[in-house]
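Visitor: I have a structure open here and have not looked at it before. Can you walk me through it?

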Amino acid sequence: MKIVIPGGSGQVGTMVARAFHEEGHEVVVLGRRPRTMPWQMVEWDGARLGPWMKSLDGADVLLNLTGRSVNCRYTAANRHEIIDSRVRSTHILGQALTEVHRSPAVWLQASTATIYAHRYDAANDEITGIIGGDEVDAPDTWRFSIDVARAWELAFNEVHAPATRKVMLRSAMTMSADRGGVFDALLALVRRGQGGRIGDGRQFMSWVHEADFIRAMHWLIAHDEIDGIVNIASPNPMPNDEFMRALREAWGIRVGLPTAEWMLEIGALFLRTESELVLKSRRVVPRRLLDRGFVFAYPHWPDAARDLCREWLTRRGGGAYRPTRAQPPQRSTPESATSR
């Protein structure tokens, strides 16, 4: 296949490009600052039509991951750039599809599972999930994240592309052993002895192993009957306290200092980011994938954490992998099956 990935220079985009390239597919990444990579890199600004459109013409798959990172303080300038980078790039890709000779068969469009409400009582799936923004006492930064997701999805829905199947990816945190990713940051806390619960530890962590993210992309490309919204997440989200405990055990550390909410707020200010990224309860499950028979290679976090720790060490030339203790096999009891 020929796969075009606008915004594919980030951590998730590089992960996807690497996987498809290694499988022998033709990969073209559109980025603002092209650099030398094993796959083709083409410059674009995400705002105007240009020579990059030649890459799109005749492609089989368009996977749009464009968007300024949300790992920053939500200042007025950053808020504008976060929304504008997503909306404008989606609109310009839609315009480009009207001018190419042959449009891609499928457009996989990044969104975020953050669009769902902060909740503990039940999981959010694509059918019964509650869209966030109306929670009592929700901080302004949480509401802004919902505004971003709504604007992003609205821009995608406004695109008229009758020759292209459109799929919206409401993705949870993608866990990979790459440098600079979410897993790398969480493991850094564990390695420093700070890998205890964050806040009160009750907030749910929704996640997906990199292997399952890639497999889900393959699956969605192959299943022509699937369009619309699809949650990309493990079927088993976990409370933060249990999530961090499993990560400590996977790394071989039994104890981790907890991070109180007030400490997190100070740290977020110092690191120029927002505490919402780890304090909001993201309890999301992939009902549509499960209903159509998609099987996760890593449905449970303890298994995924051990695999990622092992891969993290391998990529950095570390020593032998020694988890704290062997975990008993877990039964697959996805929340989506029990929460309907």
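What follows is a short talk through some helices and their contacts.

Guide: Bear in mind that this is a predicted model.

Visitor: Fine. How many helices and strands does the protein have?

Guide: There are twelve helices and eleven strands.

Visitor: And how much of the protein counts as buried?

Guide: Of its 340 residues, 56% count as buried. As for contacts with a separation of 6 or more, 77% come from residues 24 or more positions apart.

Visitor: Let's pick a helix. What is the span of H3?

Guide: Helix H3 covers residues 76-97, which is 22 residues. From first C-alpha to last it reaches 32 Å, close to the 32 Å expected at 1.5 Å a residue.

Visitor: Which residues of H3 are buried?

Guide: Among them are Asn-78, Ile-82, Ser-85, Arg-86, Ile-92, Leu-93 and Leu-97.

Visitor: What covers them?

Guide: The cover over the buried residues of H3 includes strands E1 (2-6), E4 (61-64) and E5 (106-112). Helices H2 (53-56) and H4 (140-158) are also included.

Visitor: New topic. At what angle do H1 and H6 pack?

Guide: Helix H1 (residues 11-22) packs with helix H6 (residues 210-222) at about 65°, and their axes are 10 Å apart. H1 is therefore roughly perpendicular to H6, as angles of 65 to 115 degrees count as such.

Visitor: Is that crossing left-handed or right-handed?

Guide: The crossing of H1 and H6 is right-handed.

Visitor: Which residues meet there?

Guide: On the H1 side they include Val-12, Met-15, Ala-19 and Phe-20, and on the H6 side Phe-213, Ile-214, Met-217 and Ile-221. By class, the contact of H1 with H6 has nine nonpolar, one polar and two charged residues.

Visitor: What about H5 and H7, how do they pack?

Guide: Helix H5 (residues 182-191) and helix H7 (residues 240-251) pack at about 75°, with axes 10 Å apart. H5 and H7 are therefore roughly perpendicular to each other. Residues in the contact include Phe-183, Leu-186 and Arg-191 of H5, along with Phe-243, Arg-248 and Trp-251 of H7. By class, eight residues in the contact of H5 with H7 are nonpolar, none are polar and two are charged.

Visitor: Last one, H11. What covers its buried residues?

Guide: The cover includes H5, H6 and H7, and also strands E7 (173-175), E9 (207-209) and E11 (238-239). Trp-301, Cys-309 and Trp-312 are among the buried residues of H11.

Visitor: And what follows H11?

Guide: Gly-317 follows H11, with a positive phi near 65°.

Note on methods. Residues numbered from 1 in each chain as written. Predicted model: local features only at pLDDT ≥ 70, side-chain atom pairs only at ≥ 80, totals over all residues. Heavy atoms only, no water. Helix = DSSP H or I, 4+ residues; strand = E, 2+ residues; numbered from the N terminus. Expected span 1.5 Å × (residues − 1). Buried < 20%, exposed > 50% of the residue type's maximum accessible area, 1.4 Å probe, protein only. Contact = heavy atoms within 4.5 Å. Axes fitted to C-alpha atoms, helices over the stretch in contact; angles between N-to-C directions. Parallel < 35°, antiparallel > 145°, perpendicular 65-115°, else oblique. Left-handed = near helix turned anticlockwise from the far one by under 90°. Nonpolar A, V, L, I, M, F, W, Y, C, P; charged D, E, K, R; others polar.
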